[in-house]
Amino acid sequence: MEHGHAHGHGPAAPVSRRLRKVIAAVLIPFAVAVLAGLVALWPGGVPEKGGPSGVGFDRPTLPARVTAVRVVDCKDVNAQPPAGQPGQTPGQSAGAGGQGGAGKAGGTCRKATVEVTGGKDKGSTFTEVITPDATRTYSAGQDVVVAYAAKAPPELRYSVIDVDRKLPMVLLAGIFALFVVLVGRLRGVLALVGLAVSFAVLSLFILPAILQGSNPLVVAVIGGSAIMLATLYMCHGLSARTSVAVLGTLISLLLIGVLGSAFIGWANLTGNTDDQTGLVHGLFPGIGIQGLLLAGVLIGSLGVLDDVTVTQTSAVWELKEADPGAGWRKLYGSAMRIGRDHIASVVNTLVLAYAGAALPLMLLFSIARSGVTAVATSEVVAEEIVRTLVGSIGLVASVPVTTLLAALVVSSDRHRAPAEGVPAGAAAPREAMKPAVVSHRGGKRRRPK
């Protein structure tokens with residue numbers, strides 16, 4: 001009796017067993033292929049380069065602390081900066097914290113005494129000169145990070161390469177996690193676990209596999225698919241609704257991959273447009289920089305795609321629960337009205353995200369004397385344009401694709417024979433759905449109250 005009562009007035013049942021088998025027949029082979037790809041391409045670690053490269057990234061780093069800072073004449077420490085720095089007169093110091101002085105003899109510099117607080121030379125000190133054109137300042141008591149060069153002369157073995165910002169970063173991460181858990185509760189906890197899984201796949205599989213010479217595009221597809229499967233099912237549960245979102249995300253990623261590959265090749269984009277990619281190519285010539293560019297487009301689009309597909313799938317399910325008699329066409333039309341609003345906001349979000357990341361580049365080109373067309377088609381700008389437009393096309397396409405899949409799935413195999421006097425497709429009255437019960441006296445049939 002409980003079964004008949006629940007279907008009489010509760011929300012529609014998920015989907016039929018037959019349809020769940022169809023979804024599983026698509027997704028299980030895909031998941032198996034992703035797992036096989038992870039096993040086949042799993043890296044054994046970062047490849048050895050046979051000694052220090054000299055670029056600074058492979059030197060060991062240690063904690064240190066600035067113990068004292070004093071103002072000195074730049075000439076006394078042989079640190080005269082180039083004259084005519086943009087926006088700065090000689091002797092005016094960004095590194096001196098605003099204390100410029102006249103600087104007629106060469107300007108004022110700062111000399112910091114730094115104490116190593118870790119490693120075999122713990123307690124040893126060295127000096128670091130901060131020139132007037134330096135963008136980073138140091139103060140007494142400040143924690144910094146130093147690099148160690150074993151083959152350098154004793155007085156030059158240590159050098160400051162960065163400040164220690166662990167405390168603010170950890171504090172900010174803690175505030176973020178607290179807000180997510182307080183607002184999201186269990187879903188928030190699962191979202192944080194999914195975030196940890198994403199970082200684990202990125203740091204343990206994607207980056208080392210690319211460094212070992214595997215095709216960056218193949219690695220990104222396998223790693224991104226693993227992230228998608230793990231995070232979506234972990235955060236939203238193992239259900240047909242989540243499976244539809246996974247299918248919609250997968251189709252959109254394939255579209256992004258095809259378009260990205262076609263237009264990156266057609267536009268002759270090398271991907272080697274900044275110092276970082278040039279350095280990576282110099283250290284690891286076997287890495288395909290063009291494939292690395294396409295891999296970045298895929299991974300960058302994945303997070304926003306998840307949001308779009310899950311939202312659209314949930315919208316279709318909620319619309320079906322609100323109107324159990326709605327067919328797939330009506331559900332698709334209603335959900336697409338929601339999706340169009342989503343498209344407008346998501347595309348704007350993606351474009352602004354890329355624009356924010358490329359803001360220094362945009363500032364440089366805003367003062368360029370070349371025409372707009374010449375600037376837009378230069379490789380360094382065209383790379384960002386292609387990245388943005390390809391990702392946006394995939395996001396826009398994910399809305400109708402996912403909405404259609406969700407509408408078809410949620411409307412399939414859910415129609416039951418209507419009760420007598422009830423039009424087909426309409427919800428049966430509550431009383432009509434209650435099963436009859438046989439009485440033990442006289443065999444009369446009655447309905448439960």
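A disulfide is taken here as a pair of cysteine sulfur atoms within 2.5 Å. The model on display is a predicted one, and by this rule it holds 1 disulfide.

**First stop: the disulfide**

Select Cys 74 and Cys 109, which are joined by a disulfide with an S to S distance of 1.9 Å. Which hand does this disulfide have? The torsion about the S-S bond of Cys 74 and Cys 109 is about 100°, so the disulfide is right-handed. Cys 74 lies in the loop between β1 (61-73) and β2 (108-116), while Cys 109 belongs to strand β2, so the pair ties together parts that are 35 residues apart in sequence. Are these two cysteines buried or exposed? Cys 74 has 0% relative accessibility and counts as buried; Cys 109, at 0%, is buried as well. Select Cys 235 next: this residue is buried, with a relative accessible area of 14%.

**Second stop: the whole chain**

Zoom out and colour by secondary structure. The protein chain comprises 11 helices and 7 strands. Of its 449 residues, 34% count as buried. Where contacts link residues at least 6 apart in sequence, 70% of them join residues at least 24 apart.

Now select Val 34, Phe 205, Met 228, Val 246 and Trp 317. Within the largest nonpolar core, which has 59 residues, these five touch the most other members. Two or more residues of this core come from each of α2 (17-41), α3 (166-211), α4 (216-236), α5 (240-266), α7 (289-322), α8 (328-357) and α11 (379-411). Which helix gives the most to this core? That helix is α7, with 11 residues.

Centre the view on Met 228. Neighbours within four places in sequence set aside, Met 228 is in contact with Phe 30, Val 246, Thr 249, Leu 250, Leu 302 and Asp 306. A second, separate core has 16 residues, among them Val 66, Phe 126, Ile 130 and Val 160.

Two packed helices are described by the angle between their axes and the distance between the axes.

To see the contact surfaces, select Val 304, Asp 307, Val 308, Thr 311, Gln 312, Ala 315, Val 316, Leu 319 and Lys 320 in α7. These residues meet Leu 331, Ser 334, Ala 335, Ile 338, Gly 339, His 342, Val 346 and Leu 350 in α8.

Within this set, pick Ala 315, which is placed in helix α7. Ala 315 is buried, with a relative accessible area of 13%. Draw a distance between the C-alpha atoms of Ala 315 and Ala 335: the value is 6.2 Å, although the two residues are 20 residues apart along the chain.

**Last stop: Thr 403**

Finally, select Thr 403 in helix α11. Thr 403 has 0% relative accessibility and counts as buried. Which residues beyond its neighbours within four places in sequence are in contact with Thr 403? They are Gln 312, Val 316, Tyr 332, Ala 335, Met 336 and Ser 398. Of these, Gln 312 and Val 316 are in α7, and Ala 335 is in α8.

Technical notes:
Residues are numbered from 1 along each chain as its sequence is written. This is a predicted model: local features need pLDDT of at least 70, side-chain atom pairs count only at pLDDT 80 or more; totals for chains, interfaces and linings use all residues. Side-chain values use heavy atoms; hydrogens and water are left out. Helices (H or I, at least four residues) and strands (E, at least two) are DSSP runs, numbered from the N terminus. Buried means under 20% relative accessible area, exposed over 50%, partly exposed in between (1.4 Å probe, protein chains only). A nonpolar core is a set of buried Ala, Val, Leu, Ile, Met, Phe, Trp, Tyr and Cys residues joined through side-chain atoms within 4.5 Å. Contact means heavy atoms within 4.5 Å.
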